[in-house]
Amino acid sequence: MDIIQNLNWRYATKRMNGNKIPPKSLDTIKESIRLSPSSVGLQPFKIFIIESEELKKKISSPAFNQPQIMESSHVLVFSVWNSLTDKEANDYLSFVQSERGVTLESLSTLDNYLNNIKKMSLEDFYNWSSKQAYIALGSAMIAAAELKIDSTPMEGFNKEELDKALGLPEKNLKSVVLLALGYRDEQNDWLIKMKKVRRKESDLFVQL
Ligand SMILES: Cc1cc2nc3c(=O)[nH]c(=O)nc-3n(C[C@H](O)[C@H](O)[C@H](O)COP(=O)(O)O)c2cc1C
């Protein structure tokens, strides 16, 4: 199927029917996240995959009881590292070195970038790493649409409460955005019949 047809098909599903998505599809969505590009390739995030009713209940109230949490098949919680530590920077350099079979000296430009990232304030690091997580979120939504799986990106939640519910502070992580995955509830989703609202091509693009 054509990707544009699938992107027209997808919408931020408001009600889901509780049906489970196939494990193979979840694997494809995970792989789309893993393969997402990120600045200097750092992938400074961790994605929690929540399937149990118990954990969904825990995050439901921080997510203002939006029904997709309980009605989804899985909820993905995109979280980012608190900061870039010396150890993480060194581990990443060694990882790139061994994956590519190159010398450490040849990675001096990457080393410089990492040193600058290490100097960021906690707030700047959160903003920077969140951008990387959002790119991965976009990949996941497109992959889901291609698999005819519904998804809802969700920023409507209390980050502090959700972080606490999942014990993220102890893991030096902070939540950024959620993605509910599942199947639309054809009977009860008010948005299903609404026209997709998008600006015209000429409003968005400037051909130079
Ligand atoms: C980053 C982000 C956060 C969003 N947060 C929520 C949310 O908390 N709850 C919700 O129902 N929809 C949420 N949405 C859905 C948007 O309202 C929706 O994507 C937008 O209106 C475009 O409509 P469509 O995705 O249905 O085509 C969010 C979308 C994005 C991209």
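**Close-up views of a predicted model**

**View 1. Helix α8 and the glycine that follows.** Just after α8, G167 takes a positive phi of about 65°. Helices here are DSSP runs of H or I with at least four residues, strands are runs of E with at least two, and both are numbered from the N terminus. What you see is a predicted model, where local features need pLDDT of at least 70, side-chain atom pairs count only at pLDDT 80 or more, and totals for chains, interfaces and linings use all residues. Residues are numbered from 1 along each chain as its sequence is written.

**View 2. The largest nonpolar core.** This core has 34 residues, and F78, A140 and L178 have the most contacts inside it. A nonpolar core is a set of buried Ala, Val, Leu, Ile, Met, Phe, Trp, Tyr and Cys residues joined through C-beta atoms within 7 Å. Two or more residues each come from α2 (23-34), β2, α7 (122-146), α8 and β4, with α7 giving the largest share, eight residues. Apart from this core lies another, of six residues, including Y92, L114, I117 and F125.

**View 3. Around A140.** Leaving aside neighbours within four places in sequence, A140 is in contact with I29, S32, I33, L76 and L179. Contact means that the C-beta atoms of two residues, placed from the backbone, lie within 7 Å.

**View 4. Two loop residues with positive phi.** Most residues other than glycine have a negative phi. Q43, in the loop between α2 and β1, has a positive phi near 50°. Q43 counts as partly exposed because it has 19 C-beta neighbours inside 10 Å. N65, in the loop between α3 and α4 (67-71), has a positive phi near 55°. With 9 other C-beta atoms within 10 Å, N65 is exposed.

**View 5. The shell around the ligand.** Surrounding the ligand are Y11, A12, K14, Q66, T152, P153, M154, E155, G156, V177 and K196, a shell defined by C-beta atoms, placed from the backbone, within 6 Å of the molecule. Strand β3 (residues 150-154) gives the largest share, three residues.

Notes
A residue is buried if 20 or more other C-beta atoms lie within 10 Å of its own, exposed if 12 or fewer, and partly exposed in between; C-beta atoms are placed from the backbone.
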